[in-house]
Amino acid sequence: EIKRPWWKNAVVYQIYPKSFQDSNGDGIGDIRGIISRLDYLEELGIDAVWISPMYCSPQDDNGYDISDYQDIDPMFGSLDDMEELIAKAKEKNIRIIMDLVLNHTSDEHRWFLEAKKGKDNPYHDYYVWKDGVEGTYPNDMKAAFGGPAWEWVPELNQYYFHQFSVKQPDLNWENPKVRREIYDMILWWMEKGVGGFRLDVIDQIAKEPDNGITNNGPRLHEFLQEMSRETFQKGDLITVGEAWGATPEIAKLYSNPDGTEFSMVFQFEHMVMDQQEGKEKWDLAPLPFVKLKKCLAKWQEELYGRGWNSLFWDNHDLPRIVSRWGDDGKYRKESAKMLALVLHGMQGTPYVYQGEELGMTNVRFPDISSYEDIETLNMYRERLDAGYKEDEIMKSIYAKSRDNARTPMQWSGEKNAGFTTGKPWIRVNPNYTDINAESEKKDPDSVYHFYRKLIRMRKEYPVFVDGKFELLLPEDEQVFAYLRTDSDTQMLVCANFTGEPAECQISGEWKEAQILLHNYADDVPECGESLQLKPYEAFILLKQ
Ligand code: TEU
Ligand code: CA
């Protein structure tokens, strides 16, 4: 028996708390709402829940701007609620993963309020400052949510550095006092019994604005190893580092099997392909399917035995996968299942983003006034000023806005999808009457039950966790097929990624294999001759 860390065959569920379940009718999801849905999560079969930030926050970026790391925002509940959630989840063997935002705080954090008081204030060096002349930025670095990365503070005659919004000043990791404060805060949460941490934009903490460096700064892995030694290694945690700038080489450091940094990396190389080369995500381009397969295969091969990856199509920053690369109309169910099957068949720890297991789709609000996301709103204004046409901008928003993932969880066909009895903070996707948890649970053939099966299988067949990956038919423009092989089992995953019938060649050796999972009700086509796949048809075969 191979001894492996528990998180290697775990499945993680991500909750965006503002949109998951409201318990008190104020239109905002909260901790008591999550507690009330623990049975649902248990039935789905997941092992851990990553919850986006619920700390005190002015909510400029929905909680990714933290003003107190050691308290819960009243909007979400209290510390007592949080402790109850941790305890009740534990009874169901579900671990709670907190979202740590360590690159920046809110400008309303006590440290920043002090830091602004004077250059000799003990907290001044907690942030990144640069002397300057108003209007003449220290350099031309830009913030992720638009505008310059520098903000002028007249009282100090200085700029502070912010990689995200003006209300998210960057912390200065060069300062050992900052690092110590952070480690103590992490240890405090560990004592409360949290099961792990997701580390927001962790590749950006070791920035060097003087040298134009944002991610992968020279001291990054030194800081991470120190943090891991001082905190994570003192517990049995799952830790996952969000790293947009990771290559497989860098990912091997983050997820080094020696455990000196994190359990795994959460990287996006496969999620940024449907945009124009060298431009922004808003500049839409069709998905280069062959390139996608090769990218996923590269990560599978390079990390095999040397690191550990997260498997995901969705999160709170990404559009809904069934709308993005599947078909959210005629083949919604088939394509949602196909995408799940392709993803969960690979090596790594799968993440299911709330509503993905229902096949929830993107949303199209009539105009910009219904959108809430700071990134979307800033882009809209910038592009209007730059002369883009309104309908062109809305087209990008419909395809890529983060609000696609942030509409309320669709629990039932009742008013507001059963999310709240009040007025939801963001509009509900009108398709909740068709797509909701209640009806999905009743239908044995639903997307929801397909996810349940996939999650169960990972626990039953070790080949999902340990098997070596081999991409088949790499140049095929429609079919995604691969093998997973360990000492006594072989698994074949085969999927038509398109809405057209597809033909492919799979060897006759698979004729007698067991069908583990199939997204159409009828038999799997015969292997050994040329195989005819229906639109979005996908299956897993097993030989033992
Ligand atoms: O996201 C990091 C990040 O780089 C995103 O801002 C990304 O550029 C954008 O979402 C693409 O559309 C993390 C969090 O996941 C995100 O929600 C936060 O807004 C961001 O960090 C700042 O904390
Ligand atoms: Ca509430």
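**Briefing on the predicted model**

Leaving aside neighbours within four places in sequence, tryptophan 152 is in contact with Glu134 and Tyr159, contact meaning that the C-beta atoms of two residues, placed from the backbone, lie within 7 Å. The structure is a predicted model, in which local features need pLDDT of at least 70 and side-chain atom pairs count only at pLDDT 80 or more, while totals for chains, interfaces and linings use all residues. Residues are numbered from 1 along each chain as its sequence is written, and chains are lettered from A and ligands numbered from 1 in the order in which they are written.

**Tryptophan 152**

- Tryptophan 152 lies in strand E7, residues 150–153; strands (E, at least two residues) and helices (H or I, at least four) are DSSP runs, numbered from the N terminus.
- With 16 other C-beta atoms within 10 Å, tryptophan 152 is partly exposed, a class that falls between buried (20 or more such atoms within 10 Å) and exposed (12 or fewer), with C-beta atoms placed from the backbone.
- The C-alpha atoms of tryptophan 152 and glycine 135 are separated by 8.2 Å, the two residues being 17 apart along the chain.

**The open sheet**

- Five strands, in the order E14-E15-E16-E20-E18, form an open sheet with antiparallel pairing, where pairing requires that DSSP finds at least two bridges between two strands.
- Strand E14 (468–472) and strand E18 (514–518) are the edge strands, each of which pairs on one side only.
- E14 and strand E15 (residues 479–485) run antiparallel and are joined by five bridges; among the partners in E15, leucine 483 is that of glutamate 470 and alanine 481 that of leucine 472.
- Helix H8 (residues 289–303) packs on the sheet, touching E14 and E15, and its direction makes about 160° with that of E14; axes are lines fitted to C-alpha atoms, for helices over the stretch in contact, and angles run from 0 to 180 degrees between N-to-C directions.
- Six residues lie between the strands in the hairpin of E14 and E15, where leucine 473 takes a positive phi near 45°.

**Helix H12**

- Ile393, Ser396, Ile397 and Lys400 are buried in helix H12, residues 390–400.
- Seen down the axis of H12, these buried residues fall within an arc of 100°, so they line one face of the helix; the arc is that of the directions from the helix axis to the C-beta atoms.
- Helix H11 (374–385) is included in what covers the buried residues of H12.
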